[in-house]
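User: Hi! Could you walk me through this structure, one question at a time?

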Amino acid sequence: MTDPAAEGRRRAEQLLTLLGTDENGADRLLAGLTEIRDLVFLGAGLTAVARAEARSLPPAQRAQANTRQLRLGVLRDANRDDPAGLRIWLRRGGEEILLIRSQQAVADRIAG
């Protein structure tokens, strides 16, 4: 039996790769997940990545990222029983991580 948390982390990394390279692939990945449980574990994986990576941002950007995480939590809670709504939450969560990564790249260029 597969560990659902590990599977969620694996899918989170896969979604992030697809969001950066193959939008249709990202849509297919999300559409293939029909169980709320699978969607939630993927979201947990994304949340862990977002929070870990946001810690390295400069203070103002970190505060903004924390606010966006709170808003994503509200979106998740509003759609807790709706797979289509959870897919929107997951896509936005993945896009948030890509934003954090781009902000970190800019901060690294400025500092370097």
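Predicted model: local features only at pLDDT ≥ 70, side-chain atom pairs only at ≥ 80, totals over all residues.

User: Which residues is Leu-90 in contact with, leaving aside its neighbours within four places in sequence?

Analyst: In general, nonpolar side chains in soluble globular proteins tend to be buried together. Leaving aside neighbours within four places in sequence, the contacts of Leu-90 are Leu-15, Leu-30, Leu-39, Leu-42, Gly-43 and Leu-46.

User: Are α2 and α5 parallel, antiparallel, perpendicular or oblique to each other?

Analyst: Two packed helices are described by the angle between their axes and the distance between the axes. For α2 and α5, the axes come within 10 Å and cross at roughly 140°, and the crossing is right-handed. Antiparallel would need an angle over 145 degrees. The two helices α2 and α5 are therefore oblique.

User: How many charged residues are in the contact of α2 with α5?

Analyst: On the α2 side there are Glu-23, Ala-26, Asp-27, Leu-30 and Ala-31, and they meet Arg-87, Leu-90 and Arg-91 in α5. By class, this contact has 4 nonpolar residues and no polar ones, and the number of charged residues is 4.

User: And α3 with α4: are they roughly parallel or roughly antiparallel?

Analyst: The axes of α3 and α4 come within 10 Å and cross at roughly 165°. Their crossing is left-handed. With the cut-off for antiparallel at over 145 degrees, α3 and α4 are therefore roughly antiparallel.

User: How many nonpolar residues are in the contact of α3 with α4?

Analyst: In α3, Thr-47, Ala-50, Arg-51 and Ala-54 take part, and they meet Arg-62, Ala-65 and Gln-69 in α4. This contact has 2 polar and 2 charged residues, and its nonpolar residues number 3.

User: Is Leu-39 buried or exposed?

Analyst: Leu-39 lies in helix α3. Leaving aside neighbours within four places in sequence, Leu-39 is in contact with Leu-30, Leu-33, Pro-83, Leu-86, Arg-87, Trp-89 and Leu-90. Buried means under 20% relative accessible area, so Leu-39, at 0%, is buried.

User: What separates the C-alpha atoms of Leu-39 and Thr-17?

Analyst: Along the chain, Leu-39 and Thr-17 are 22 residues apart. In the model, their C-alpha atoms are separated by 17 Å.

User: Is Asn-79 buried or exposed?

Analyst: This residue is in a loop: Asn-79 lies between α4 and α5. Not counting residues up to four places away in sequence, Asn-79 touches Gly-85 and Leu-86. Its relative accessible area is 16%, so Asn-79 is buried.

User: What is the C-alpha separation of Asn-79 and Glu-35?

Analyst: Asn-79 and Glu-35 are 44 residues apart along the chain. Their C-alpha atoms are separated by 13 Å.

Note on methods: Residues numbered from 1 in each chain as written. Heavy atoms only, no water. Contact = heavy atoms within 4.5 Å. Axes fitted to C-alpha atoms, helices over the stretch in contact; angles between N-to-C directions. Helix = DSSP H or I, 4+ residues; strand = E, 2+ residues; numbered from the N terminus. Parallel < 35°, antiparallel > 145°, perpendicular 65-115°, else oblique. Left-handed = near helix turned anticlockwise from the far one by under 90°. Nonpolar A, V, L, I, M, F, W, Y, C, P; charged D, E, K, R; others polar. Buried < 20%, exposed > 50% of the residue type's maximum accessible area, 1.4 Å probe, protein only.
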